[in-house]
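Please open the structure in a viewer and keep the selection tool at hand.

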Amino acid sequence: MQSLTKRRLSAEELDVLMRGAAGVGCRLEAELTDGWFNTAYRVRFDDGRTAVVKLAPPVGTPVLRYERGIMTTEAAVYRRLASPAGAGVPTPDLLYAGEDFLAVAVLDGTPWDKVADRLSAPAESALRRELGGITARLHTLVPEDGRFGYPAPESGLSAPGWRTAFTAMVDALLADAAYWRSELGASHAEIRALVAAGGAALDEVTRPCLVHFDLWPGNIFVSVSDADGADGPDLRITGLIDHERAFWGDPAAELVSLELGGDVGPDSDLVAGYREAGGRLDFTPALRHRLALYGLYLGLLVVVECGPRGYEDRDHLAWCRTYLAERVAALRALG
(Lines give C-alpha, C1' and ligand atoms only; values in the text may rest on other atoms or scores of the structure.)
Protein backbone atom coordinates (compact mmCIF):
# COMPACT_ATOMS: atom_id res chain seq x y z
CA MET A 1 0.00 0.00 0.00
CA GLN A 2 1.29 3.45 -0.94
CA SER A 3 1.22 5.98 1.90
CA LEU A 4 2.50 9.50 2.40
CA THR A 5 3.84 8.45 5.82
CA LYS A 6 6.36 6.02 4.36
CA ARG A 7 10.03 6.97 4.54
CA ARG A 8 12.11 5.33 1.84
CA LEU A 9 15.88 4.84 1.93
CA SER A 10 18.26 3.56 -0.70
CA ALA A 11 20.31 0.43 -0.02
CA GLU A 12 23.30 2.63 0.79
CA GLU A 13 21.32 4.86 3.16
CA LEU A 14 19.88 1.86 4.96
CA ASP A 15 23.36 0.41 5.40
CA VAL A 16 24.61 3.72 6.82
CA LEU A 17 21.65 3.89 9.22
CA MET A 18 22.27 0.42 10.61
CA ARG A 19 26.04 0.89 10.90
CA GLY A 20 25.58 4.13 12.79
CA ALA A 21 22.76 3.01 15.08
CA ALA A 22 23.50 -0.69 15.60
CA GLY A 23 27.11 -1.13 14.57
CA VAL A 24 26.28 -3.65 11.86
CA GLY A 25 25.96 -3.18 8.12
CA CYS A 26 23.27 -4.71 5.96
CA ARG A 27 22.37 -5.57 2.40
CA LEU A 28 18.91 -4.68 1.16
CA GLU A 29 17.01 -7.70 -0.17
CA ALA A 30 13.51 -6.32 -0.75
CA GLU A 31 10.95 -3.74 0.27
CA LEU A 32 7.95 -5.33 1.99
CA THR A 33 5.01 -3.51 0.49
CA ASP A 34 2.11 -4.88 2.55
CA GLY A 35 2.58 -2.30 5.31
CA TRP A 36 0.21 0.67 5.57
CA PHE A 37 2.11 3.17 7.74
CA ASN A 38 5.81 2.44 8.15
CA THR A 39 8.28 1.45 5.47
CA ALA A 40 9.62 -2.09 5.92
CA TYR A 41 12.67 -3.67 4.31
CA ARG A 42 13.94 -7.22 4.40
CA VAL A 43 17.70 -7.07 4.89
CA ARG A 44 20.62 -9.39 5.48
CA PHE A 45 23.12 -8.23 8.08
CA ASP A 46 26.83 -8.59 7.57
CA ASP A 47 26.86 -11.47 10.06
CA GLY A 48 24.37 -13.42 7.92
CA ARG A 49 21.18 -12.84 9.91
CA THR A 50 18.05 -11.84 8.01
CA ALA A 51 15.78 -9.20 9.50
CA VAL A 52 12.96 -6.78 8.82
CA VAL A 53 13.83 -3.13 9.35
CA LYS A 54 10.88 -0.78 9.94
CA LEU A 55 11.30 2.98 9.51
CA ALA A 56 9.17 5.60 11.23
CA PRO A 57 7.75 8.38 9.03
CA PRO A 58 10.13 11.23 8.18
CA VAL A 59 10.46 13.92 10.85
CA GLY A 60 7.72 16.49 10.42
CA THR A 61 5.32 14.16 8.58
CA PRO A 62 1.75 14.79 9.76
CA VAL A 63 0.39 11.83 11.71
CA LEU A 64 -2.66 11.20 13.86
CA ARG A 65 -2.33 12.06 17.52
CA TYR A 66 -2.41 8.45 18.67
CA GLU A 67 0.42 7.70 16.21
CA ARG A 68 2.87 9.99 17.97
CA GLY A 69 5.61 7.82 19.44
CA ILE A 70 4.17 4.51 18.23
CA MET A 71 7.55 3.23 17.00
CA THR A 72 8.71 3.39 20.62
CA THR A 73 5.50 1.68 21.68
CA GLU A 74 6.09 -1.18 19.27
CA ALA A 75 9.65 -1.70 20.51
CA ALA A 76 8.42 -1.67 24.10
CA VAL A 77 5.82 -4.34 23.33
CA TYR A 78 8.46 -6.56 21.72
CA ARG A 79 10.57 -6.22 24.88
CA ARG A 80 7.64 -7.11 27.14
CA LEU A 81 6.81 -10.16 25.04
CA ALA A 82 10.44 -11.28 25.26
CA SER A 83 10.26 -11.21 29.06
CA PRO A 84 9.02 -14.15 31.15
CA ALA A 85 5.67 -12.39 31.45
CA GLY A 86 5.21 -12.63 27.68
CA ALA A 87 5.75 -16.37 27.47
CA GLY A 88 3.29 -18.08 25.17
CA VAL A 89 2.82 -15.11 22.83
CA PRO A 90 4.90 -15.82 19.71
CA THR A 91 6.40 -12.76 18.04
CA PRO A 92 9.64 -11.85 16.26
CA ASP A 93 12.75 -11.17 18.33
CA LEU A 94 13.60 -7.48 18.58
CA LEU A 95 17.18 -7.12 17.37
CA TYR A 96 17.77 -3.37 17.38
CA ALA A 97 15.68 -0.28 18.03
CA GLY A 98 16.17 3.47 17.80
CA GLU A 99 13.92 6.52 17.89
CA ASP A 100 13.06 6.20 14.20
CA PHE A 101 13.58 2.52 13.38
CA LEU A 102 13.48 -1.01 14.69
CA ALA A 103 14.80 -4.31 13.37
CA VAL A 104 13.20 -7.67 14.11
CA ALA A 105 14.08 -11.23 13.17
CA VAL A 106 12.29 -12.76 10.18
CA LEU A 107 9.43 -15.02 11.23
CA ASP A 108 8.91 -18.50 9.88
CA GLY A 109 5.62 -18.93 8.08
CA THR A 110 3.26 -16.85 6.00
CA PRO A 111 0.71 -14.13 6.84
CA TRP A 112 -2.65 -15.77 7.49
CA ASP A 113 -4.44 -13.64 4.89
CA LYS A 114 -2.16 -15.00 2.15
CA VAL A 115 -3.22 -18.60 2.75
CA ALA A 116 -6.76 -18.21 4.12
CA ASP A 117 -8.38 -19.57 0.98
CA ARG A 118 -6.30 -22.76 1.24
CA LEU A 119 -7.29 -23.65 4.80
CA SER A 120 -9.93 -26.28 5.38
CA ALA A 121 -12.71 -25.59 7.88
CA PRO A 122 -11.09 -27.84 10.56
CA ALA A 123 -7.71 -26.14 10.06
CA GLU A 124 -9.30 -22.72 10.32
CA SER A 125 -11.14 -23.78 13.46
CA ALA A 126 -7.96 -25.08 15.10
CA LEU A 127 -6.04 -21.91 14.29
CA ARG A 128 -8.80 -19.67 15.62
CA ARG A 129 -8.85 -21.64 18.87
CA GLU A 130 -5.05 -21.34 19.12
CA LEU A 131 -5.30 -17.60 18.42
CA GLY A 132 -7.79 -17.26 21.25
CA GLY A 133 -5.32 -18.84 23.65
CA ILE A 134 -2.49 -16.59 22.49
CA THR A 135 -4.71 -13.55 22.90
CA ALA A 136 -5.60 -14.55 26.46
CA ARG A 137 -1.90 -14.80 27.31
CA LEU A 138 -1.26 -11.41 25.68
CA HIS A 139 -3.90 -9.94 27.96
CA THR A 140 -2.05 -11.01 31.09
CA LEU A 141 0.41 -8.16 30.45
CA VAL A 142 -0.43 -5.04 32.46
CA PRO A 143 1.09 -1.54 32.67
CA GLU A 144 3.57 -0.81 35.41
CA ASP A 145 1.87 2.50 36.24
CA GLY A 146 -1.69 1.14 36.13
CA ARG A 147 -2.85 3.74 33.58
CA PHE A 148 -5.15 3.21 30.63
CA GLY A 149 -4.62 4.46 27.08
CA TYR A 150 -1.66 4.79 24.75
CA PRO A 151 1.79 4.23 26.31
CA ALA A 152 3.73 6.86 24.34
CA PRO A 153 3.91 10.13 26.32
CA GLU A 154 3.95 12.03 23.02
CA SER A 155 0.30 11.16 22.42
CA GLY A 156 -0.91 12.51 25.75
CA LEU A 157 -3.66 9.89 25.66
CA SER A 158 -3.54 8.06 28.97
CA ALA A 159 -5.57 8.37 32.16
CA PRO A 160 -6.18 6.60 35.48
CA GLY A 161 -9.60 5.36 34.34
CA TRP A 162 -10.81 3.64 31.18
CA ARG A 163 -13.81 5.88 30.52
CA THR A 164 -11.58 8.97 30.66
CA ALA A 165 -8.85 7.42 28.51
CA PHE A 166 -11.24 6.04 25.90
CA THR A 167 -13.15 9.31 25.66
CA ALA A 168 -9.87 11.15 25.14
CA MET A 169 -8.89 8.65 22.42
CA VAL A 170 -12.16 9.31 20.58
CA ASP A 171 -11.83 13.08 21.02
CA ALA A 172 -8.31 12.95 19.57
CA LEU A 173 -9.59 11.19 16.46
CA LEU A 174 -12.40 13.74 16.12
CA ALA A 175 -9.85 16.56 16.32
CA ASP A 176 -7.80 14.79 13.64
CA ALA A 177 -10.97 14.38 11.57
CA ALA A 178 -11.63 18.11 11.78
CA TYR A 179 -8.07 18.90 10.69
CA TRP A 180 -8.18 16.52 7.73
CA ARG A 181 -11.82 17.31 6.91
CA SER A 182 -12.75 13.64 7.13
CA GLU A 183 -16.32 12.79 6.20
CA LEU A 184 -17.66 10.73 9.11
CA GLY A 185 -21.33 10.41 8.17
CA ALA A 186 -22.31 11.65 11.64
CA SER A 187 -21.72 14.87 13.53
CA HIS A 188 -18.95 15.12 16.08
CA ALA A 189 -21.59 16.02 18.67
CA GLU A 190 -23.54 12.84 17.98
CA ILE A 191 -20.41 10.68 18.17
CA ARG A 192 -19.49 12.22 21.51
CA ALA A 193 -23.03 11.61 22.75
CA LEU A 194 -22.88 7.97 21.67
CA VAL A 195 -19.64 7.53 23.62
CA ALA A 196 -21.03 9.31 26.67
CA ALA A 197 -24.08 7.04 26.63
CA GLY A 198 -21.74 4.08 27.15
CA GLY A 199 -20.04 5.61 30.17
CA ALA A 200 -21.45 3.14 32.70
CA ALA A 201 -20.36 0.19 30.58
CA LEU A 202 -16.86 1.64 30.23
CA ASP A 203 -16.65 2.14 33.99
CA GLU A 204 -16.92 -1.63 34.48
CA VAL A 205 -13.34 -1.95 33.17
CA THR A 206 -11.04 -1.44 36.15
CA ARG A 207 -7.90 -3.34 35.14
CA PRO A 208 -5.93 -2.36 32.04
CA CYS A 209 -4.20 -4.99 29.94
CA LEU A 210 -2.19 -4.93 26.73
CA VAL A 211 -4.50 -4.72 23.70
CA HIS A 212 -2.87 -5.22 20.28
CA PHE A 213 -5.90 -3.78 18.44
CA ASP A 214 -4.65 -4.75 14.99
CA LEU A 215 -4.98 -8.54 14.95
CA TRP A 216 -6.37 -8.89 11.46
CA PRO A 217 -5.07 -11.94 9.54
CA GLY A 218 -2.29 -9.98 7.82
CA ASN A 219 -0.57 -9.46 11.17
CA ILE A 220 -0.71 -13.14 12.16
CA PHE A 221 1.84 -15.58 10.71
CA VAL A 222 1.07 -19.28 10.34
CA SER A 223 3.30 -22.23 9.48
CA VAL A 224 2.10 -22.62 5.91
CA SER A 225 4.37 -21.90 2.96
CA ASP A 226 3.40 -21.62 -0.68
CA ALA A 227 4.82 -25.11 -1.29
CA ASP A 228 3.19 -26.87 1.67
CA GLY A 229 -0.28 -28.19 2.17
CA ALA A 230 -2.56 -26.06 4.32
CA ASP A 231 -3.73 -28.81 6.66
CA GLY A 232 -0.45 -30.38 7.70
CA PRO A 233 0.12 -31.70 11.23
CA ASP A 234 2.52 -28.85 12.00
CA LEU A 235 0.02 -26.11 11.24
CA ARG A 236 0.27 -23.46 13.94
CA ILE A 237 0.59 -19.75 14.57
CA THR A 238 4.24 -18.69 14.41
CA GLY A 239 3.93 -15.08 15.49
CA LEU A 240 2.08 -11.78 15.84
CA ILE A 241 3.56 -8.66 14.26
CA ASP A 242 2.94 -4.90 14.06
CA HIS A 243 2.27 -4.01 17.69
CA GLU A 244 2.33 -0.29 16.98
CA ARG A 245 -1.38 0.33 17.66
CA ALA A 246 -1.20 -1.30 21.09
CA PHE A 247 -2.74 0.39 24.10
CA TRP A 248 -3.59 -0.42 27.71
CA GLY A 249 -7.30 -1.03 27.97
CA ASP A 250 -10.26 -3.38 28.01
CA PRO A 251 -9.36 -6.88 26.77
CA ALA A 252 -12.74 -7.04 25.00
CA ALA A 253 -11.51 -4.32 22.63
CA GLU A 254 -9.31 -6.96 21.00
CA LEU A 255 -12.36 -8.64 19.52
CA VAL A 256 -12.90 -5.73 17.13
CA SER A 257 -9.86 -6.46 14.99
CA LEU A 258 -10.06 -10.21 15.59
CA GLU A 259 -13.54 -10.11 14.03
CA LEU A 260 -11.93 -9.14 10.72
CA GLY A 261 -10.67 -12.73 10.54
CA GLY A 262 -13.71 -14.65 11.71
CA ASP A 263 -16.41 -15.19 14.33
CA VAL A 264 -15.74 -13.76 17.80
CA GLY A 265 -19.10 -14.54 19.35
CA PRO A 266 -19.58 -16.36 22.66
CA ASP A 267 -19.74 -19.77 20.95
CA SER A 268 -16.83 -19.17 18.56
CA ASP A 269 -13.62 -21.17 18.37
CA LEU A 270 -11.65 -18.05 19.24
CA VAL A 271 -13.54 -17.38 22.45
CA ALA A 272 -13.34 -21.07 23.38
CA GLY A 273 -9.55 -20.93 23.04
CA TYR A 274 -9.46 -17.68 25.00
CA ARG A 275 -11.37 -19.20 27.89
CA GLU A 276 -9.37 -22.43 27.83
CA ALA A 277 -6.21 -20.36 28.33
CA GLY A 278 -7.67 -18.63 31.37
CA GLY A 279 -9.15 -15.54 29.74
CA ARG A 280 -12.56 -14.27 30.77
CA LEU A 281 -15.16 -12.88 28.40
CA ASP A 282 -18.73 -12.63 29.68
CA PHE A 283 -21.02 -11.36 26.93
CA THR A 284 -23.17 -9.22 29.18
CA PRO A 285 -25.17 -6.27 27.82
CA ALA A 286 -22.44 -3.96 29.12
CA LEU A 287 -19.71 -5.85 27.27
CA ARG A 288 -21.75 -5.84 24.07
CA HIS A 289 -22.22 -2.08 24.46
CA ARG A 290 -18.45 -1.64 24.85
CA LEU A 291 -17.84 -3.77 21.76
CA ALA A 292 -20.06 -1.41 19.80
CA LEU A 293 -18.03 1.54 21.10
CA TYR A 294 -14.74 -0.11 20.15
CA GLY A 295 -16.11 -0.81 16.68
CA LEU A 296 -16.95 2.89 16.41
CA TYR A 297 -13.40 3.76 17.45
CA LEU A 298 -11.84 1.49 14.84
CA GLY A 299 -14.24 2.87 12.25
CA LEU A 300 -13.16 6.42 13.07
CA LEU A 301 -9.53 5.39 12.97
CA VAL A 302 -9.60 3.77 9.54
CA VAL A 303 -11.54 6.66 8.00
CA VAL A 304 -9.50 9.48 9.51
CA GLU A 305 -6.10 7.90 8.78
CA CYS A 306 -6.88 8.08 5.06
CA GLY A 307 -6.20 11.84 5.26
CA PRO A 308 -2.56 11.98 6.40
CA ARG A 309 -1.68 8.79 4.56
CA GLY A 310 -3.09 10.02 1.26
CA TYR A 311 -4.89 6.80 0.37
CA GLU A 312 -6.47 6.88 -3.08
CA ASP A 313 -7.71 3.30 -3.44
CA ARG A 314 -11.45 3.73 -3.96
CA ASP A 315 -12.33 0.24 -2.79
CA HIS A 316 -10.45 0.77 0.48
CA LEU A 317 -11.99 4.21 1.04
CA ALA A 318 -15.46 2.77 0.43
CA TRP A 319 -14.83 -0.10 2.84
CA CYS A 320 -13.66 2.31 5.57
CA ARG A 321 -16.72 4.54 5.23
CA THR A 322 -19.10 1.59 5.18
CA TYR A 323 -17.46 0.07 8.24
CA LEU A 324 -17.82 3.33 10.18
CA ALA A 325 -21.43 3.83 9.05
CA GLU A 326 -22.37 0.35 10.25
CA ARG A 327 -20.76 0.97 13.64
CA VAL A 328 -22.52 4.28 14.09
CA ALA A 329 -25.81 2.60 13.17
CA ALA A 330 -25.18 -0.17 15.71
CA LEU A 331 -24.70 2.37 18.50
CA ARG A 332 -27.77 4.34 17.42
CA ALA A 333 -29.76 1.12 17.66
CA LEU A 334 -28.66 0.69 21.26
CA GLY A 335 -30.36 4.03 21.74
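Begin by selecting Val43, which touches Leu14, Cys26, Arg27, Leu28, Glu29, Arg49, Thr50, Ala51 and Val53, leaving aside residues up to four places away in sequence; contact here means heavy atoms within 4.5 Å. The model is a predicted one, in which local features need pLDDT of at least 70 and side-chain atom pairs count only at pLDDT 80 or more, while totals for chains, interfaces and linings use all residues. Residues are numbered from 1 along each chain as its sequence is written, and side-chain values use heavy atoms, with hydrogens and water left out.

Val43 is in strand β2; helices (H or I, at least four residues) and strands (E, at least two) are DSSP runs numbered from the N terminus. With 0% relative accessibility, Val43 counts as buried, where buried means under 20% relative accessible area, exposed over 50% and partly exposed in between, for a 1.4 Å probe and protein chains only.

**The nonpolar cores**

Next, select Trp162, Phe166, Leu184, Ile237, Tyr294, Tyr297 and Leu300, which touch the most other members of the largest nonpolar core, a set of 80 residues. Such a core is a set of buried Ala, Val, Leu, Ile, Met, Phe, Trp, Tyr and Cys residues joined through side-chain atoms within 4.5 Å. Helix α10 (285-304) supplies the largest share of this core, 13 residues. Apart from it lies another core of 14 residues, and Val43 is among them, as are Leu17, Cys26 and Leu55.

Centre the view on Ile237. Not counting residues up to four places away in sequence, Ile237 touches Pro90, Trp112, Leu127, Glu130, Leu131, Ile134, Ile220, Phe221 and Val222.

**The aromatic rings**

How many aromatic pairs does a search of the whole structure find? There are 13, a pair being rings of Phe, Tyr and Trp (its six-membered ring) with centres within 6.5 Å; planes under 30 degrees apart count as stacked, over 60 as edge-to-face and the rest as tilted. Select Phe213 and Tyr297: the ring centres are 5.9 Å apart and the planes stand at 50°, so this pair is tilted. Because Phe213 belongs to the loop between β9 (209-211) and β10 (220-222) and Tyr297 to helix α10, the pair ties together parts 84 residues apart in sequence. Both residues, Phe213 and Tyr297, are buried.

**The largest pocket**

Now turn to the largest pocket, which holds about 1,200 Å³ of space. Of its 43 lining residues, Asp34, Trp216, Gly218, Asn219 and Asp242 are the closest to its centre. A pocket is, on a 1 Å grid over the protein atoms alone, an open set of points where a 1.4 Å probe fits, with protein on both sides within 12 Å along at least five of seven lines; lining residues have an atom within 4 Å of a point. Grid points are joined across faces, edges and corners, and the volume is the space filled by probe spheres set on the points.

Finish at Asp242, in the loop between β11 (237-240) and β12 (247-249). Asp242 has a positive phi of about 55° although it is not a glycine, and its relative accessible area of 19% makes it buried.
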